[in-house]
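Here is a walk through a two-chain model. Keep the viewer open and follow along.

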Amino acid sequence: MTDLSVDLGFLKLRNPVIAASGTFGYGLEFKPFVDLDKLGGIIVKGLYYEPRPGNPPPRLAETPSGLLNAIGLQGIGVRAFCDKVLPKLSRVKAPIIVNVCGETDEEYLAVIEFLNADNRIAAYELNISCPNIREAGRCPALNPESTHALVKLAKKMARRPLITKLSPNVTDIVSVALAAEEGGSDAVSLINTLLAMAVDVETRRPRLANVTGGLSGPAVKPVALRMVHQVASRLKIPVIGMGGIMTGRDALEFLIVGARAVEVGTANFVDPGASLRIVGEIEEFCRERQIGRVEDMIGTLKTV
Amino acid sequence: MLKDPCALIVGKETWGDFCLLTLHSPKIARGAAPGQFLMVRVNDQPYPLLRRPFSIHDRQKNRLMIFFSKAGAGTALLAARNPGEALDIVGPLGKGFRLGGRKTAGRTAFLVGGGRGIAPMSFLARELRARGVRTRIFYGGRTESHLPLLPGLVEQESDIFVSTDDGSLGYRGFICPMLERELARWLAVPRRGRASAARRPEIFACGPEAMMKGVAEVAARYRVRAQFSLESVMGCGMGACWGCVKKIKRAGTDEWVKICEEGPVFKDTEIVWEES
């Protein structure tokens, strides 16, 4: 038996596979396909304080081995989430992590303050990196100063551990990750989607109504892996890796370069059972090689 | 809602760009209702990444059928699959057509299918007739060769109206003027007998957006109710990605509503048609 548990310090997970925000709905959608109790964690779709209408369609465009999206964080808001969704998730054994969004610093803090009252939530993932909200993909995660300032405020407000979700749309990911760490974040997760676009040559229109969107899926995995490697090499706090993970072997690549856990995103769309399948594949890989603890894989990249 | 990673292709018919696949998938077939859909992986490669949504064309005991046309890379790959191979499918998904309760017997339904939008109509017609509803099918396409399901429909249905844009078969022109003509005729005939038989027909439509918008206008002019099966690019088909939204009237405001979860079938009174 392989011990699949991983310790983030502030949270112990039964396995390293977490369902990524924005790809797993509010969790309940996947009940017919996944025993939610068996996941390492569930990060629910990003929540603003108020319900949000989201972007006009088309919101999705498929590209080679990738998916472009510009959903615009349509959602039900914190109040409806706590009243209607959380009660149905309360018996799920996997920790429920809420992805926290805001148009302004005040809104981020209002969301955290509201959720602080609910002890069914295990941690917050601070979404400072969605590319589809402001013009040209602007978000706080694009520079170390705004990241540091927002993380510091959020950490002060949060009564639960804070994971800061980083954007890959930067020149120097390490400096932004360090800023999150210095701001007091308990962990970082990366990468959010890559700012991207696609064009229909017949109509000469962008394939997304929002013109630009975020790219995810297997196409982004090598970029994600490089960034996780760079960040994990420099930070003391745990790193949660994501970007195009479709299989257990993909997940193991992220653990080897230093991620303590992984998030599975776009794969959930392709295969609604992907998250648990990946847990099984990690276990099988370790068992076949007599690796007793999956933690023994973390940060074991051999560069010489 | 189930995943069947091994739905065996047991039948295939093709006509030019159109394709009809029959799949053996007992559990999903058992739960299927007209207007619901499947999410199908067209191959087991990383590209195309996403599943493709297909309306359930028909169900026969343990079998499901999908009818589609080659519209892009994904559907072209699916059309190249052959009997004996297995497909990974998820379904049945979404809410299908509302078939009505006990008071539907004796009523009349006009089923309107444009192009590949004919897909759910024979399944729907059969289920409606099982509830005592009289069905009349309108099938339109660009030209005669774009109506491949017509011979099969003729075997099952007694009341079919056909239109082609070029007049190569049936009514010459779009399906909407033909529908309007027949609706006006139906309404002009005085009807006696059971109250339900005298009630105005209901329209069930599926096809290109412009056609459905036209059908909605006809329905509004003649004050008949209508249901529409909408189409969209979909990421997951099960409500998780929020990618497939259309504008729908909800409690006084218009909202972007996921058609995979709350549709794909919506009532005429709910849909906000896009300006063309």
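In chain A, helix 2 passes helix 3 in a right-handed crossing. The two helices, residues 105-116 and 144-157 of chain A, pack at an angle of about 25°. Their axes are 9 Å apart. An angle under 35 degrees counts as roughly parallel, and helix 2 and helix 3 of chain A are therefore roughly parallel to each other. The model is predicted, and the values here are computed from it.

Look at the residues in that contact. Helix 2 of chain A brings A:Asp105, A:Tyr108, A:Leu109, A:Ile112 and A:Glu113. Helix 3 of chain A answers with A:Leu150, A:Leu153, A:Ala154 and A:Met157. By class, this contact has 7 nonpolar, no polar and 2 charged residues.

Helix 4 (residues 173-182) packs on helix 5 of chain A at about 45°, with axes 9 Å apart. That makes helix 4 of chain A oblique to helix 5 of chain A. The crossing of these two helices is right-handed. Helix 4 of chain A contributes A:Ile173, A:Val174, A:Ala177 and A:Leu178. From helix 5 of chain A come A:Met227, A:Gln230, A:Val231 and A:Arg234. The contact of helix 4 with helix 5 of chain A divides into 6 nonpolar, 1 polar and 1 charged residue.

Move on to helix 6 of chain A, residues 248-256. Buried here are A:Asp250, A:Ala251, A:Leu252, A:Glu253, A:Phe254 and A:Leu255. What do the buried residues of helix 6 of chain A pack against? The partners are strand 3 (17-19), helix 5 (221-234), strand 15 (239-242), strand 16 (261-264) and helix 8 (274-288) of chain A. Just after helix 6 of chain A, A:Gly258 takes a positive phi of about 125°.

Two backbone details in chain A deserve a stop. Most residues other than glycine have a negative phi, and most peptide bonds are trans. The peptide bond from A:Pro57 to A:Pro58 is cis, with omega near 0°. A:Pro58 sits in the loop between strand 4 (41-47) and strand 5 of chain A. A:Ser65 is not a glycine, and its phi is positive, near 55°. The loop between strand 5 and strand 6 of chain A holds A:Ser65. With 17 other C-beta atoms within 10 Å, A:Ser65 is partly exposed.

Next comes the interface. How many residues of chain A are in contact with chain B? There are 27 from chain A, and they meet 24 residues of chain B. Strand 5 (60-63), strand 6 (66-69) and helix 7 (267-270) of chain A each supply at least two residues of the chain A side. By class, that side has 14 nonpolar, 10 polar and 3 charged residues.

Cross over to chain B. It has 8 helices and 15 strands. The C-alpha trace of chain B spans about 60 × 45 × 40 Å along its principal axes. A compact globule of 276 residues would have a radius of gyration near 19 Å; chain B has 18 Å, which agrees. Buried residues make up 47% of chain B. Take the contacts in chain B between residues at least 6 apart in sequence: 63% join residues at least 24 apart.

Helix 3 of chain B covers residues 121-130. Its buried residues are B:Met121, B:Ser122, B:Phe123, B:Leu124, B:Ala125 and B:Leu128. Their cover includes strand 4 (52-60), strand 7 (108-114), strand 8 (134-141), helix 4 (150-156) and strand 11 (202-206) of chain B. Just after helix 3 of chain B, B:Gly132 takes a positive phi of about 80°.

Now set two valines of chain B side by side. B:Val218 lies in helix 7 (residues 209-221) of chain B. B:Val189 lies in the loop between helix 5 (175-188) and helix 6 (195-198) of chain B. Which is B:Val218, buried or exposed? It has 22 C-beta neighbours inside 10 Å, so B:Val218 counts as buried. B:Val189 has 6 other C-beta atoms within 10 Å and is exposed. Beyond its neighbours within four places in sequence, B:Val218 is in contact with B:Cys176, B:Leu179, B:Glu180 and B:Leu183. B:Cys176 is 42 residues from B:Val218 along the chain, yet their C-alpha atoms are separated by 7.3 Å.

Finish with the backbone of chain B. A cis peptide bond joins B:Tyr47 and B:Pro48, with omega about 0°. B:Trp242 has a positive phi, near 60°. B:Trp242 counts as buried, with 26 C-beta neighbours inside 10 Å.

Notes
Residues numbered from 1 in each chain as written. Chains lettered and ligands numbered in written order. Predicted model: local features only at pLDDT ≥ 70, side-chain atom pairs only at ≥ 80, totals over all residues. Contact = placed C-beta atoms within 7 Å. Helix = DSSP H or I, 4+ residues; strand = E, 2+ residues; numbered from the N terminus. Nonpolar A, V, L, I, M, F, W, Y, C, P; charged D, E, K, R; others polar. Axes fitted to C-alpha atoms, helices over the stretch in contact; angles between N-to-C directions. Parallel < 35°, antiparallel > 145°, perpendicular 65-115°, else oblique. Left-handed = near helix turned anticlockwise from the far one by under 90°. Rg over C-alpha atoms; globule rule 2.2 N^0.38 Å. Buried ≥ 20, exposed ≤ 12 C-beta atoms within 10 Å, placed from the backbone.
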